[in-house]
Structure formats: C-alpha cells, structure tokens
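Here is a short report on charged side chains that pair up. Look at the structure first, then read on.

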Amino acid sequence: MEIAEPERSRTRRTLDRLRTDVLPLLVLAALMLAARSSFANHYHVPSGSMQPTLQPGDRVAVDMTAYGVRIPFTLFDVVPRGGPRPGEVVVFDSPADGTRLIKRVVAVAGDTVELVDGRLRINGAALQPGGLVDVERFGAREVALDLRHGGGPGIVPTVVPDGMVLVLGDHRGRSADGRYFGLVPEREFYGRAIAVYHRRGEGFIWKRL
C-alpha cells in the first residue's frame with residue numbers, strides 16, 4: 001500500500017528531527033561514557049575498611065589514566081604508564097566476587113612482605129617512622145592506620161611475584177583485602193584515587209590522597 005503524501009512528510013520530518021536532535025545527544029552521551037571509562041571517574045566509599053584515610057560515604061576522584069590510557073570499556077592499554085606504586089590508593093574489582101573496591105597498594109613485584117599485628121615489614125624493614133605504632137611511611141607518604149580492632153590476619157614473609165600487587169585496607173582489623181582474596185594482577189587496576197571531593201558533614205572538599 002502506498003503511503004499518503006502527508007504521512008510520508010511526517011515520517012521524513014520525524015527522521016530529520018532524530019538526526020538533528022537525538023543523534024547528537026546520543027553521540028555526546030557515548031563520548032562522555034567513554035571518557036569516564038578511560039580518563040576520569042569517581043568512586044563512592046561504601047565501608048570503613050580504609051579508615052581513617054577514607055570515611056564511609058566519601059566520594060573520591062579517580063584518575064583512570066594513572067596506569068595507562070585504555071581503549072574504552074577494556075583493560076587494554078594504548079599508552080602504558082607503568083604499574084601502581086606502594087602507598088597509592090587504587091580502584092579495582094575484587095578477584096573473589098568482582099565487587100568494585102578501593103584499597104592501598106603496600107607491596108609490588110619483587111617485594112618481600114610481612115604483616116604482624118597489622119603492621120608491615122617490607123624487605124625486612126618496618127614502615128613505622130620514629131617508632132610510631134599507628135603510622136606507616138611509603139616513601140614521602142605517611143599513612144595513618146586504624147588498629148582499634150586489632151591488626152587482623154597476619155602475613156608470613158612472602159615474595160610478591162612479577163605482575164602482581166598486594167593491597168590492604170588502612171583499617172587493618174576490619175578490611176576484606178589481599179589477605180582474603182590474594183594478590184591482584186597489575187593490569188586489573190582501573191585507576192588511582194587522587195582526592196576526596198565530598199564528605200558527609202563537610203560537603204565539597206579537596207583532600208589529596
């Protein structure tokens with residue numbers, strides 16, 4: 001059956017409107033989604049496993065290019081930038097169940113790591129500056145620990161193999177971290193958390209990590 005001219009005109013106008021109005025919006029949305037996947041994103045902290053550094057409800061800015069510029073929605077690096085370094089806070093999926101997590105890198109490939117009463121020894125050296133029991137130093141970065149609930153499970157001296165990373169929570173007594181789900185491959189990290197930008201009771205802030 002032949003379409004009447006008025007109906008054909010309405011159909012043509014509808015298609016033209018879709019091309020001029022809707023299509024650009026869809027392209028823009030796709031580009032924004034790709035940018036979030038490859039360049040910058042944010043993370044909502046669900047628990048206290050990283051206290052006192054991060055509080056439940058914190059919103060954290062994440063640099064998705066810290067370890068390489070990736071093809072959107074993949075873990076393939078177009079421009080590699082090297083792996084995470086001890087002391088950095090990283091975002092990744094749990095090897096156990098795929099849950100998106102945020103933890104601190106404490107040991108990388110080649111390190112001999114030991115954990116006793118919640119306190120680290122890396123390559124035989126304690127990380128406590130000046131004898132402080134609740135602070136660890138990773139290079140120039142000092143990290144406060146939460147040991148109110150003890151140190152959690154320990155780690156016997158273990159060498160981290162190539163391509164792998166050990167992550168722990170700063171709240172050592174209450175953190176489901178590498179002591180439970182094991183080491184994480186370097187390629188699995190989505191990005192590096194760079195700052196808290198919103199905190200309950202404080203509103204918008206910019207607290208570097």
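Which residue forms a salt bridge with R137?

## R137 and E142

The partner is E142. The closest N and O atoms of this pair are 2.3 Å apart. Keep in mind that the model is predicted.

The structure holds 9 salt bridges. The pair R137 and E142 is one of them. Two others follow.

## R199 and D58

R199 and D58 also meet through their side chains in a salt bridge, at 2.6 Å from N to O. This pair links distant parts of the chain, as its residues are 141 apart. R199 lies in strand β15, which covers residues 189-199. D58 lies in the loop between β1 (40-44) and β2 (59-63).

Are these two residues buried or exposed? R199 has a relative accessible area of 10%, so it is buried. D58 is buried as well, because its relative accessibility is 0%. The cut-off for buried is under 20%.

## D146 and R148

D146 and R148 form a salt bridge with an N to O distance of 2.8 Å.

Key:
Residues are numbered from 1 along each chain as its sequence is written. This is a predicted model: local features need pLDDT of at least 70, side-chain atom pairs count only at pLDDT 80 or more; totals for chains, interfaces and linings use all residues. Side-chain values use heavy atoms; hydrogens and water are left out. A salt bridge is a side-chain nitrogen of Lys or Arg within 4 Å of a carboxyl oxygen of Asp or Glu. Helices (H or I, at least four residues) and strands (E, at least two) are DSSP runs, numbered from the N terminus. Buried means under 20% relative accessible area, exposed over 50%, partly exposed in between (1.4 Å probe, protein chains only).
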